[in-house]
Amino acid sequence: MPEVVQTYEDTKDFRDADRVQRAILQGYLYDIAHYATATEKIKAERCFLSIAGQLLGKENHKFQYKVVERGGKAAKFYSSIDWLTRADIAAMSINVTSATYDLADYEIEGNFRLYCTDVSLLLAMRDFSLKQAIAEGTLVGNTKGGLYESFVADALLKSGHALHFYRNESTKREVDFLIQAGGSVVPVEVKAGRAAANSLKALMRAGREIGLPTWA
């Protein structure tokens, strides 16, 4: 967001930049209200604003409709998610049963994570204390991990990659991102600290379990 960066450059005040950032977020909400159909606009806005809680508030980032609305179901909200992704306001990362090319053949319907296509919008959904924690290096827990993951998702999306991830509920093994390049599947693990990427290492040792290519 060039305007946010320029505001900070001019004032050296994070709060001034924060106000501009929030104004831009409000502009996105106005666009949703303006361009989405009458039946979708309220639902799309609620799904969009739930992304921060879905990514930064819990360990398993699988999108849950019950976070949008108590008792929420795909039948009510999936079309709104589809609208957000088609409008390039949000992007899906879809869970797969195997890390085998072509990943689209192994997608689990309805099992996905949702990311903002601009991390600045995600930050604007939280109060100023989040930016303060980032500046002071005091971020911890799910918030820190979810934010790092969002930065990586943003970079991968802007590089033209479709996003997938692997999570096995039985073994609890998980790889944050799987992308495809040159006819192969490339795993990408995100760590906010210095912890070892144990899930990735375990999956690479037992690659045949989920169909990883032999190079893994």
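# The sheet, its covering helix and the salt bridges

Modeller: In this predicted model, helix α9 lies across β1, β2, β3, β4 and β5 and runs at about 10° to β4.

Colleague: What is the strand order in the sheet?

Modeller: The order is β2-β1-β3-β4-β5, in an open sheet of five strands with mixed pairing.

Colleague: Which strands stand at the edges?

Modeller: Those are β2, residues 107-116, and β5, residues 184-188. Each has a single partner strand, so one side of each is left without a neighbour in the sheet. On average, neighbouring strands of this sheet are turned by 35° against each other, direction ignored.

Colleague: How do β1 and β2 run, parallel or antiparallel?

Modeller: β1 and β2 run antiparallel and are joined by six bridges. One of the pairings involves V96, whose bridge partner in β2 is E107.

Colleague: And in which sense do β1 and β3 pair?

Modeller: Strand β1, residues 90-96, pairs with β3 in the parallel sense, over three bridges. The bridge partner of S93 in β3 is L163.

Colleague: What about β3 and β4, then: how many bridges join them?

Modeller: Three bridges join β3 to β4, residues 174-181, and the two strands run antiparallel. H164 has L178 as its bridge partner in β4. The two strands form a hairpin with six residues between them, and K172 in the turn has a positive phi of about 65°.

Colleague: Staying with β3, how many of its residues are buried?

Modeller: Five of the five residues in β3, which spans 163-167, are buried, so the strand is mostly covered.

Colleague: Which of them point one way and which the other?

Modeller: L163, F165 and R167 point one way from β3, while H164 and Y166 point the other way.

Colleague: Which residues are joined into one network by shared partners?

Modeller: Salt bridges that share partners join R113, E149, R167 and E174 into one network.

Colleague: What does R22 form a salt bridge with?

Modeller: R22 forms a salt bridge with D18, where the closest N and O atoms are 2.9 Å apart. Being four residues apart in helix α2, residues 14-35, R22 and D18 are separated by about one helical turn. An α-helix has 3.6 residues a turn, so residues three or four places apart point the same way.

Colleague: And their accessibility, buried or exposed?

Modeller: R22 is partly exposed, with a relative accessible area of 28%, whereas D18 counts as buried at 8% relative accessibility.

Colleague: On to the helices. At what angle do the axes of α3 and α6 cross?

Modeller: The axes of α3, residues 41-49, and α6, residues 74-86, cross at roughly 75° and come within 8 Å. The two helices are therefore roughly perpendicular to each other.

Colleague: Which residues meet there?

Modeller: From α3, K43, A44, C47 and F48 meet K76, F77, S79, S80, I81, W83 and L84 in α6. The residues of this contact divide into seven nonpolar, two polar and two charged.

Colleague: Last topic: which residues are buried in α8?

Modeller: In α8, residues 128-136, the buried residues include F128, L130, K131 and A133.

Colleague: What covers the buried residues of α8?

Modeller: The cover includes α2, α4 (51-56), α7 (119-124) and α9 (141-158).

Colleague: And what follows α8?

Modeller: α8 is followed by G137, which has a positive phi, near 70°.

Key:
Residues numbered from 1 in each chain as written. Predicted model: local features only at pLDDT ≥ 70, side-chain atom pairs only at ≥ 80, totals over all residues. Heavy atoms only, no water. Buried < 20%, exposed > 50% of the residue type's maximum accessible area, 1.4 Å probe, protein only. Pairing = 2+ DSSP bridges. Salt bridge = Lys/Arg side-chain N within 4 Å of Asp/Glu carboxyl O. Contact = heavy atoms within 4.5 Å. Axes fitted to C-alpha atoms, helices over the stretch in contact; angles between N-to-C directions. Parallel < 35°, antiparallel > 145°, perpendicular 65-115°, else oblique. Nonpolar A, V, L, I, M, F, W, Y, C, P; charged D, E, K, R; others polar.
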